[in-house]
Amino acid sequence: MTDYESLVREHHSLVYRIALGILRRDAEAADVTQDVFLDFLRRPGALDGVGDVRAFVARCAVNRALKSRRGEARRVRHEEGARREEATMDPSEAMFRREVRAKVEELPEEERLAVDLHYFQGLTLAQAAVALEVTDRTV
């Protein structure tokens, strides 16, 4: 058994329980648990020099769960703001925006992300290119 497998075996339930305690939803807690261990897989030396591995893993779980919760809160606020904005606009404009958004959702992921970042999130083409790690011309 590898060190990574041992890490997951020994700390998986701890990470899940911490995430569930913060997020209160099984699916989100499972996602956070997976993300924590993927981070360790991507950074094999992350535990080098750590005195208390259990405490360090627990801190990573707390941080990742809080980050997830903040992201969810931001998404909810953004969607509520968009609904309020849509409620005050001309009904035909609101319908047009919904149709455009639906069509954008049908695009392949890379194209959808580029369109979303530039047109819906307000990033410049250069900023969207940096966010997507592609050239300006690709966006």
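E28 is found in helix α2; helices here are DSSP runs of H or I with at least four residues, strands are E runs of at least two, and both are numbered from the N terminus. With 17% relative accessibility, E28 counts as buried, where buried means under 20% relative accessible area, exposed means over 50% and partly exposed is what lies in between, using a 1.4 Å probe on protein chains only. Leaving aside neighbours within four places in sequence, E28 is in contact with L23 and S68, contact being heavy atoms within 4.5 Å.

A word on the model: this is a predicted structure, so local features need pLDDT of at least 70 and side-chain atom pairs count only at pLDDT 80 or more, while totals for chains, interfaces and linings use all residues. Residues are numbered from 1 along each chain as its sequence is written, and side-chain values use heavy atoms, with hydrogens and water left out.

R24 lies in the loop between α1 and α2. R24 is not a glycine, yet has a positive phi of about 65°. Its relative accessibility is 66%, so R24 counts as exposed.

## The nonpolar core

How many residues does the largest nonpolar core have? It has 17, and V15, V32, V36 and F40 are those with the most contacts inside it. A nonpolar core here is a set of buried Ala, Val, Leu, Ile, Met, Phe, Trp, Tyr and Cys residues joined through side-chain atoms within 4.5 Å. Three helices, α1 (3-23), α2 (26-42) and α3 (53-88), each supply at least two residues of this core, and α1 gives the most, with six. In soluble globular proteins, nonpolar side chains tend to be buried together.

V15 is a handy place to look around from. Beyond its neighbours within four places in sequence, V15 is in contact with T33, V36, F37, V57 and A61. Take T33, which sits in helix α2 and counts as buried at 2% relative accessibility. Not counting residues up to four places away in sequence, T33 touches H12, V15, Y16 and A19. V36 also lies in helix α2 and counts as buried at 3% relative accessibility. With residues up to four places away in sequence set aside, V36 touches V15, C60, A61 and R64. For V36 and C60, the C-alpha to C-alpha separation is 6.7 Å in space, against 24 residues in sequence.

## Aromatic cluster

Two aromatic pairs turn up under a rule that pairs rings of Phe, Tyr and Trp (its six-membered ring) if their centres lie within 6.5 Å, with planes under 30 degrees apart called stacked, over 60 edge-to-face and the rest tilted. The ring centres of F37 and F40 are 6.4 Å apart and the planes are at 50°, so that pair is tilted. These two are three residues apart in helix α2, so about one helical turn separates them.

For F40 and F56, the ring centres are 6.3 Å apart and the planes are at 50°, so this pair is tilted. F40 belongs to helix α2 and F56 to helix α3, so the pair ties together parts 16 residues apart in sequence. Together, F37, F40 and F56 form one aromatic cluster. Buried or partly exposed: which is F56? F56 is partly exposed, with a relative accessible area of 29%, whereas F40 counts as buried at 5% relative accessibility. F37 is buried as well.

## The second largest pocket

F40 comes up again in the lining of the second largest pocket, along with D3, Y4, L7, L41, R43, P44, A46, L47 and D48. On a 1 Å grid over the protein atoms alone, a pocket is an open set of points where a 1.4 Å probe fits, with protein on both sides within 12 Å along at least five of seven lines, and lining residues have an atom within 4 Å of a point. The volume is about 200 Å³, meaning the space filled by probe spheres set on points joined across faces, edges and corners.

The elements giving two or more residues to this lining are α1 and α2, and the largest share, three residues, comes from α1. By type, the lining has seven nonpolar residues, no polar ones and three charged; Ala, Val, Leu, Ile, Met, Phe, Trp, Tyr, Cys and Pro count as nonpolar, Asp, Glu, Lys and Arg as charged, and the others, Gly among them, as polar.

## Out at α4

E93 lies in helix α4 (residues 91-105) and counts as partly exposed at 33% relative accessibility. The C-alpha atoms of E93 and S13 are separated by 49 Å, and the two residues are 80 apart along the chain.
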